[in-house]
Amino acid sequence: MASDIDFARLQLQDALDLAILVEEEAEERYREFATQLEEFQTADAGEFFRFMAANEAKHGAALSERRKMRFGDAPARVHRGMLWEVEAPNYDRIRAFITPRRALEVALESEQKAWAYFDQAIPHIKDPEVRHLFEELREEEVEHQRLVRIEIDQCPPDSGPDPELRVDEPPAL
């Protein structure tokens, strides 16, 4: 959990801004991975990451609209430096020749990581509106996990050695 955030003093505007930043960070990271994987001719995994980026963008836009309706153009009091990889996939989880199944597993890890972030923050939140928002965001992560698991279940198993064990393969980024 980000240590720069005092969740006990968090106000709704700040919570919405943080949630938007989380979505933006994840969207950007998925786009980075998609571009890199397409360069390595790993188009299936790249396509999946583009799909995930679009989902994060959609969720971020909905949160932005919600924030604008409630707080207009009030300047943000939180910034991107207050969080790191809340929902964005970790850079070290992507390899140049990642399989579509492994890409799905990385996405699932990211959704689980986001769920844990909101879950760990909730006990520290005093404001009822902020608590409700974080509970809502936590539950959305459960739904995202469910959707990714459906995709994993439909994906054929990987063949050959575990891609995590290929030390000779360069990281994608």
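I began with two side chains and found Y30 buried, along with F49; buried here means under 20% relative accessible area, exposed over 50%, partly exposed in between, with a 1.4 Å probe and protein chains only.

A note on the source: this is a predicted model, where local features need pLDDT of at least 70, side-chain atom pairs count only at pLDDT 80 or more, and totals for chains, interfaces and linings use all residues. Residues are numbered from 1 along each chain as its sequence is written, and side-chain values use heavy atoms, leaving out hydrogens and water.

Next I looked up the rings. I count Phe, Tyr and Trp (its six-membered ring) as paired if their centres lie within 6.5 Å, with planes under 30 degrees apart as stacked, over 60 as edge-to-face and the rest as tilted. That rule gives eight aromatic pairs. One of them is Y30 with F49, stacked at 5.5 Å centre to centre and 25° between the planes. I see that this pair links distant parts of the chain, with Y30 in helix α1 (residues 12-39) and F49 in helix α2 (residues 43-71), 19 residues apart.

F33 and F49 have ring centres 5.6 Å apart and planes at 55°, so I noted the pair as tilted. F33 sits in helix α1 and F49 in helix α2, 16 residues apart. I also have F33 down as buried. Ring pairs link Y30, F33, F48, F49 and F51 into a cluster.

Last, the whole chain. I found four helices and zero strands, taking helices (H or I, at least four residues) and strands (E, at least two) as DSSP runs numbered from the N terminus. Of the 173 residues, 44% count as buried.
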